Amino acid sequence: MVEFAFVLPIFLLLVMGILDFGFLFYNYISMENAARNAARVACVDYEDVAYDSQEGGQGKIIKRDLPLPSENATDKAAYSSATEGGVPYSDGEKEICVQVARSIQRTGIDKEGVIVTVEYTYDTSEPIVNEPTTWKIANRYNGDVKVTVQGDAHVLTPVLGVSADHMKKKLVSTSTFKVEKQPEETS
């Protein structure tokens, strides 16, 4: 009985640690999948994403943070009034956010705190044409798109919860794709 009393807390600590790490790993894989799905949409539908410009080392960087709405994040209509910095989400951004929301739908990730960051880099050797009213930027196919998904995942037991903020751990996943050149439209 005395040996059992000594071994039980260590055994429970091990079991709870395995449960927490397994659950966090599952959530991280889901977040990684969300970033990959969103990057795939962003690299194909690259012309229809809003932007703000920053100077980068290799070329221009276009970066935008997109918080998911708190309710019905998997429904594109939930983004009808969504804005970031006063600029409404474009159709491409709405589709990116829907992909992220669908990928993390059945996980322990807190949907209200998820932020999707979309960054484009492209070659500045050709002239850049910006059309802010239509969210179109020419020559994006000369670079990459990087999608970062960050959010908080709930922990199951106090083992990892001791070091967590309100029993949540921050998870971040990034996926980078080469932007695909769209075929020229013929009329």
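A crossing of two helices is right-handed if the near helix is turned clockwise from the far one by less than a right angle. In the predicted model described here, the crossing of helices α1 and α2 is right-handed in this sense. The axes of α1, spanning residues 2-44, and α2, spanning residues 91-103, come within 8 Å and cross at roughly 155°; since angles over 145 degrees count as roughly antiparallel, the two helices are therefore roughly antiparallel to each other. On the α1 side the contact is made by Ser30, Asn33, Ala34, Asn37, Ala38, Val41 and Ala42, and on the α2 side by Glu95, Ile96, Gln99, Val100 and Ser103. Sorted by class, this contact of α1 with α2 comprises six nonpolar, five polar and one charged residues.

The helix pair belongs to a protein chain whose secondary structure comes to three helices and nine strands, arranged from the N terminus in the order α-β-β-β-β-α-β-β-β-β-α-β. Of the 187 residues of the chain, 37% count as buried, and among contacts with a separation of 6 or more, 71% are accounted for by residues 24 or more positions apart.

One aromatic pair is present in the structure. The ring centres of Tyr79 and Tyr89 lie 6.1 Å apart with the ring planes at 25°, so the pair is stacked. Tyr79 is located in the loop between β2 (60-67) and β3 (83-84), whereas Tyr89 lies in the loop between β4 (87-88) and α2, the two residues being ten residues apart. Both Tyr79 and Tyr89 are buried.

Key:
Residues are numbered from 1 along each chain as its sequence is written. This is a predicted model: local features need pLDDT of at least 70, side-chain atom pairs count only at pLDDT 80 or more; totals for chains, interfaces and linings use all residues. Side-chain values use heavy atoms; hydrogens and water are left out. Axes are lines fitted to C-alpha atoms, for helices over the stretch in contact, and angles run from 0 to 180 degrees between N-to-C directions. Helices (H or I, at least four residues) and strands (E, at least two) are DSSP runs, numbered from the N terminus. Angles under 35 degrees count as roughly parallel, over 145 as roughly antiparallel, 65 to 115 as roughly perpendicular and the rest as oblique. Contact means heavy atoms within 4.5 Å. Ala, Val, Leu, Ile, Met, Phe, Trp, Tyr, Cys and Pro count as nonpolar, Asp, Glu, Lys and Arg as charged, and the others, Gly among them, as polar. Rings of Phe, Tyr and Trp (its six-membered ring) pair if their centres lie within 6.5 Å; planes under 30 degrees apart count as stacked, over 60 as edge-to-face and the rest as tilted. Buried means under 20% relative accessible area, exposed over 50%, partly exposed in between (1.4 Å probe, protein chains only).
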